[in-house]
There are 2 protein chains.
Amino acid sequence: MSKRIDFSNFIVFDGAMGTMLQTHGLKAGELPESYNILHPEIIEKIHGEYLDAGADVITTNTFGANRIKLSKYGYDIGEIVKSGVKIALKAAGKRLVALDIGPIGQLMKPYGTLSFSEAYELFREQVIAGADAGADLILIETMSDIYEMKAAILAAKENCNLPVVATMTFQQDKRTLTGTDPLTMVNVICGLGVNALGINCSLGPKEILPLIEEVLSCSKIPVIAQPNAGMPKIIDGKTVFNVEPDEFARYAKIMAEKGVTILGGCCGTNPEHIRALRHVLAGLEPIKRKVEPITAASSFSKTVIIGEGITVIGEKLNPTGRKHLKEALKSNDMEYVLRQALAQQDAGAHILNVNAGLPEIDEKAVMINIIRELQSTVSVPLQIDSTDSDVIEAAVRIYNGRPIINSVNGKLKVMEEIFPIAKKYGACVVGLTLDENGIPSKAKDRFKIAENIVKTASKYGIAKEDLIIDCLVIAASAQQDEVREIIKATRLVKERLGVKTILGVSNISFGLPNRTLLNRTFLALALEAGLDAPIIDPADEEVMGTINAFNVLWGYDKYANNYIAAYAPKDKKPAVKAFSATDVADI
Amino acid sequence: MSKRIDFSNFIVFDGAMGTMLQTHGLKAGELPESYNILHPEIIEKIHGEYLDAGADVITTNTFGANRIKLSKYGYDIGEIVKSGVKIALKAAGKRLVALDIGPIGQLMKPYGTLSFSEAYELFREQVIAGADAGADLILIETMSDIYEMKAAILAAKENCNLPVVATMTFQQDKRTLTGTDPLTMVNVICGLGVNALGINCSLGPKEILPLIEEVLSCSKIPVIAQPNAGMPKIIDGKTVFNVEPDEFARYAKIMAEKGVTILGGCCGTNPEHIRALRHVLAGLEPIKRKVEPITAASSFSKTVIIGEGITVIGEKLNPTGRKHLKEALKSNDMEYVLRQALAQQDAGAHILNVNAGLPEIDEKAVMINIIRELQSTVSVPLQIDSTDSDVIEAAVRIYNGRPIINSVNGKLKVMEEIFPIAKKYGACVVGLTLDENGIPSKAKDRFKIAENIVKTASKYGIAKEDLIIDCLVIAASAQQDEVREIIKATRLVKERLGVKTILGVSNISFGLPNRTLLNRTFLALALEAGLDAPIIDPADEEVMGTINAFNVLWGYDKYANNYIAAYAPKDKKPAVKAFSATDVADI
Ligand SMILES: [Zn+2]
Ligand SMILES: [Zn+2]
Ligand SMILES: [Zn+2]
C-alpha cells in the first residue's frame with residue numbers, strides 16, 4: 001500500500017545521491033546503482049541522513065537503472081530497481097519513497113538511434129519493477145529531452161497508479177539541451193497529467209530562480225525545484241559545488257515565497273543542505289498561486305499561445321483539393337511534404353494543420369510518418385486533423401510536443417471518442433459547431449453547440465482554455481445569408497463562453513472568382529469579431545497582410561514595428577511622422 | 001388674413017384653367033393671364049364652376065405670370081398677379097385661393113441662360129405680389145426642372161409665410177424632362193420644407209398612378225395628384241383629352257386609398273371631373289401612411305440612400321495633402337477638378353466630398369464655382385465639406401439637389417450655426433464626435449457626443465435619419481490604442497442611436513508604409529461594426545475590393561452577381577459551383 005501524498009503542502013525531497021556516493025568511495029567508471037547490491041548499507045546510511053535532516057521523500061538509487069545501462073555491467077534491471085526500492089522503504093518508515101528515473105543516456109531519433117517506443121519500453125520496465133517493489137511515487141528527473149520525458153511519463157501513467165513528479169534540467173541559455181524552454185516544458189508536461197513538475201540539477205539555486213519563476217507563472221500544478229549546490233567548478237581536477245547550506249536555504253525560501261512547494265537538492269547537495277532547507281520552510285506557508293489560463297500548443301522547442309495576437313494556422317498540408325500533395329502522400333514523397341511545411345513556416349504560419357485523409361492510403365501510417373518528419377524539421381507546433389480517432393491517438397501519442405486535435409464536434413459519439421484522447425495526452429481540441437443535426441444556420445444555434453461542447457469537455461476534465469471553437473465557414477456561394485451568422489457566432493463564443501476561436505477562412509470563397517479578396521475581407525470581419533486562429537494559406541500575401549494590418553490596428557504590433565519592418569521601403573527610413581489629434585480637432 | 005388650411009384632411013383642388021379658357025375663346029398666341037384684365041368675368045365664372053363642383057381650393061390664373069413672359073405682352077407682373085388673386089378671392093368666399101406659379105419658360109444654366117438667382121428673383125416677384133394680394137397658399141406646379149423648383153420654393157419660403165404646395169410633371173419614362181425621378185423629387189422638395197408635394201399634368205390618371213405610388217412610398221408630407229384628363233391626343237388638329245369624369249374619379253379613388261390626400265385636375269379636366277372626384281372622396285377617410293425613414297442625398301437626377309449597401313464617398317476633392325488639386329484651385333483650373341470628379345464617379349464613388357479649404361483662396365467663390373461645374377457634369381450627389389458656415393450656406397443654396405453638409409460637431413456654437421442651414425435647405429449633416437474638449441479617446445465618450453448631436457438636431461427639427469455620425473479616424477501611428485475605440489464607437493452609434501455612420505478611412509494609415517493595406521483592413525473592421533459610408537479613394541482597387549467583397553459577404557450583392565461580373569475571368573464563365581453544407585458536416 002503506497003502512502004497518500006499531500007501535494008497541497010510543502011514537500012521536502014532529499015539531496016544528491018551520486019555526489020554523496022563519491023564521498024563514500026564511488027569511483028569514476030563504477031555503476032552507482034551497483035551499490036544497491038554491493039553496499040546496501042551505504043545507500044541506507046545516506047537515505048537515513050537525509051531523513052534525519054528532515055526530508056519527506058527519499059529517492060531510490062536507481063537514476064540510471066535502465067536495461068541499456070545495466071546490461072553493460074551485467075546487472076538485471078529487476079534486481080537493481082527492486083533492491084533500490086527495498087533499501088529506501090526500509091529507511092523511510094512512514095515517509096515516502098520516490099522511484100528515481102533518469103534519462104536513458106542515448107539520444108533519441110532523429111539525432112540518435114533511440115526510438116520513442118524503445119524509450120517507452122525501457123521506462124516501462126523501470127516503472128513496473130519500482131511499483132512492484134512498493135515505491136510511493138515516481139520521480140522522473142534530470143531530463144534534457146522533452147520527447148524522452150513524454151515517453152517516461154506515458155510509461156509511468158500507463159503502467160502504475162503512482163503519483164508522478166517530473167523535472168527537467170536547463171542550461172544557462174534557459175533551454176534544455178535539446179532546446180525546450182520552461183513554458184514549453186510546462187505546457188507539454190502539465191498536459192500529460194503529472195502531479196508536479198519543475199527543474200532540477202545543472203544550475204545552482206541562484207541560476208535556477210528565474211527559470212523557476214517562469215515555470216511558476218504558467219504551471220497549474222505544484223512546482224518542484226531541486227537545484228545543485230551551485231554551478232560545478234573544477235578545482236584540482238575535482239568537480240566542486242560551493243553553495244553552502246545557508247545560501248542554498250536562502251534561495252529555497254525565496255522560491256517558496258514565490259510559490260514553489262516541493263524542494264530538494266541535486267548534485268553537490270548533502271544532508272546539511274536539506275536540513276537548512278527544512279529549517280527555512282518551517283516558518284512559511286505554501287503560496288496559493290493564481291495562474292492565468294492560456295490556450296497553447298507546443299512543439300518541443302516553441303509554444304504558441306492562442307489569443308496573444310493572431311495565430312496563423314497553415315492550411316496547406318491537406319490533400320483535399322490539392323493534387324500535388326495527394327500524389328506526394330500516395331507515393332510517400334516526404335520531401336514534398338516537408339517543403340510545403342517549411343514554406344508555410346517561413347511565410348509566417350505559427351502552427352501547421354496536418355491532414356492525411358485520403359481514401360487510397362493508410363491514413364494512420366502516413367500521418368505518423370508525416371508527424372515524425374515534420375517534428376524534426378519544422379519548429380512550429382502541429383494541429384492534427386483527422387476524422388479517425390485511431391489516427392488522432394497515434395499521432396498525438398508520438399508527437400514531440402503538445403498538439404491541437406482537429407477536431408471534435410457536438411456529436412456525442414465523437415466527443416466520447418476524442419475527449420479521452422485529448423485528456424490523456426493533454427492536447428488542445430478544436431470543437432466544430434455541428435452535431436447530429438448538421439450545421440445550424442443560425443448563430444445562436446451554433447453557439448448552443450459550442451456551449452454543449454464546453455460542458456461535455458469539462459466532464460472529461462478538459463478545461464475550456466484547452467478548447468478552440470470553430471463556428472464553421474460555409475461558402476458564401478452556397479449560403480450567402482449564413483456569412484453573418486458565422487461572424488456573429490464567433491463573437492458570441494468569444495464573448496459569452498470566453499473560449500478561443502478558429503475558422504477555416506478559405507472556405508468562404510469556394511466557387512467564386514478572386515478568392516483572395518473574399519478571403520482577406522472575411523478574415524478581417526472575423527478578426528474584428530474575435531477570431532483568434534485563422535486557418536489560412538500563409539503564402540497568400542494579401543491574406544497575411546490583413547493579419548499584419550490587424551495586428552497594428554488592434555495594438556498587438558506595438559508602434560507598428562513589425563509592420564514597418566515588413567512594408568517600409570527598403571531604401572529609405574519610413575516617414576513615421578504622426579499627426580496630432582488637434583489637427584483633426586481643429587474644425 | 002389667410003385662412004387656415006387643414007393638411008390632415010382631404011383637400012380638393014380645381015381643374016384646368018388653360019384648357020377651360022380655350023373653350024371660352026382663348027386663341028393660340030394669346031396670353032391666358034391677360035384675361036385677368038380683359039375678361040375677369042370669364043375667370044370668375046370658371047372659378048365659380050369649380051367651386052360649385054366642390055373644390056376646396058381654386059388656383060389663380062397666374063401660371064405664366066412672370067416678368068419675362070409678361071413683358072413680351074407689355075403687362076406688369078404686379079397688375080396681372082394682383083388682379084388674378086383678387087378675382088379668385090372674390091369667387092372663393094371662405095374657400096381657399098392658391099397663387100399659381102408655373103415654370104418661367106426658359107432653360108436654366110448650363111443648358112439655357114437663366115441663372116439660379118435670376119430664377120429666384122422672378123419667382124420672388126410673383127410670390128410678393130400674390131401674397132400681398134391675399135392668396136391663401138402658393139402652388140408651384142408643372143415644374144420639369146428640380147433646380148427651378150428649388151428656386152421657386154426658396155422664393156416662396158423666404159418672401160412670405162404662406163403654405164407651399166409643389167408639384168412636378170413627369171414623362172412616361174418616369175423622369176421629369178431634365179431627368180429627375182420621383183424619389184429624388186421627394187428627397188429634394190421635402191427637405192426644402194413645403195407643406196405638400198406631388199405630381200401634376202403631362203399624364204393621365206392611369207399613367208400617373210405608378211409615379212404617385214413611388215412618391216407615396218417616400219414622402220413624409222402630404223401628397224397631391226393633379227393628373228390631366230388622360231394623355232393628350234391630336235384629333236383633327238386639335239389637342240383632345242378623353243378620360244371622362246367617371247374614370248378620372250375612379251383613379252382618384254385608387255390614389256386616395258393609397259394615401260393621396262390632395263387631389264385636383266390638370267389639362268383637359270373641367271368642373272365635371274372635379275365634381276366626380278369630390279363625389280368619390282365623400283365615402284373615404286384620409287389614409288395615415290407610414291413612411292420608412294431614409295437617409296438620402298440627391299443630385300438632380302440620382303438619389304443615394306445611405307444604409308442600402310455600402311455608400312462610397314469619394315475623398316479626393318480635398319486640397320489637403322494634394323498638391324495638384326491645390327494648384328488647380330488656386331489657378332481656377334476647373335478642368336482638373338472635373339477630371340478628378342469624373343474619375344472618382346467612374347471608379348464607383350456614390351457621393352463626392354467637396355472641400356475647397358485653402359488659406360490662399362476665396363473659399364466661398366471657389367466652392368460655388370466647383371459646385372456649379374460639378375452639378376452639370378457628374379451625376380452623383382455632393383457632400384459639401386467646409387468649416388465655414390458661410391461657404392456651406394452658399395454651396396447648399398445653389399446646389400441642384402439635396403447635399404450632405406460635412407460637418408457639424410458637438411460644439412454648441414457650431415451646431416447653432418450649421419443646424420439652421422441644414423434645416424432650411426433640407427440637407428443631411430455629418431456630425432463629428434468632437435466637442436469643446438476635443439476628441440475623446442474612449443468610445444463611450446464619442447458616443448455621448450453623438451447622442452448630444454442627435455438631441456440638439458431634433459431641437460432644430462432635424463430628424464436623426466438626416467444625421468450621419470463620424471466617430472473620427474485618428475492615425476494608428478498617433479494613437480494606436482484608439483483604433484479599437486473608433487470601431488467600438490461606430491458600433492455603439494449604429495446600434496444604440498440607430499443613426500447612419502461615416503468615417504474618413506484613409507486617416508488611419510497616416511505616417512505608415514503600405515497605407516492601402518491598413519486602409520482596406522481598417523475599412524473591413526469598420527464595415528463589420530456598422531459603417532455605412534466610408535470616405536475613401538475609389539480609385540484604390542484594394543479598398544474598393546474590400547467593399548465589393550463585403551457586399552457579397554453581407555448579402556448586399558445578391559448571388560454575388562456584381563462581384564462575379566467584376567472579377568470573373570473575362571475569357572470564360574466563372575465556375576460557380578457551390579459545395580453543399582453536408583460536405584463540411586460530414587465529419
Ligand atoms: Zn544533479
Ligand atoms: Zn493586392
Ligand atoms: Zn397640365
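Reply: Axes are lines fitted to C-alpha atoms, for helices over the stretch in contact, and angles run from 0 to 180 degrees between N-to-C directions; helices themselves (H or I, at least four residues) are DSSP runs, numbered from the N terminus. This is a predicted model, in which local features need pLDDT of at least 70 and side-chain atom pairs count only at pLDDT 80 or more, while totals for chains, interfaces and linings use all residues. Residues are numbered from 1 along each chain as its sequence is written, chains are lettered from A and ligands numbered from 1 in the order in which they are written, and side-chain values use heavy atoms, with hydrogens and water left out.

Me: At what angle do α18(A) and α19(A) pack?

Reply: Helix α18 (residues 483-497) of chain A packs against helix α19 (residues 515-529) of chain A at about 25 degrees, with the axes 8 Å apart. Since angles under 35 degrees count as roughly parallel, that makes α18(A) roughly parallel to α19(A).

Me: Which protein donors hold the zinc ion (ligand 1)?

Reply: Donors are N, O and S atoms within 2.8 Å of the metal (3.2 Å for Na, K and Ca), and water is not among the atoms, so sites may look incomplete. Here the SG atoms of C201(A), C266(A) and C267(A) lie 2.2 to 2.3 Å from the zinc ion (ligand 1), with the spacing C-x64-C-C along the chain.

Me: What coordinates the zinc ion (ligand 2)?

Reply: E542(A) and E542(B) coordinate the zinc ion (ligand 2) through OE, at 1.9 Å. Each glutamate lies in helix α20 (residues 541-553) of its own chain, so the pair joins two chains.

Conventions. Angles under 35 degrees count as roughly parallel, over 145 as roughly antiparallel, 65 to 115 as roughly perpendicular and the rest as oblique.
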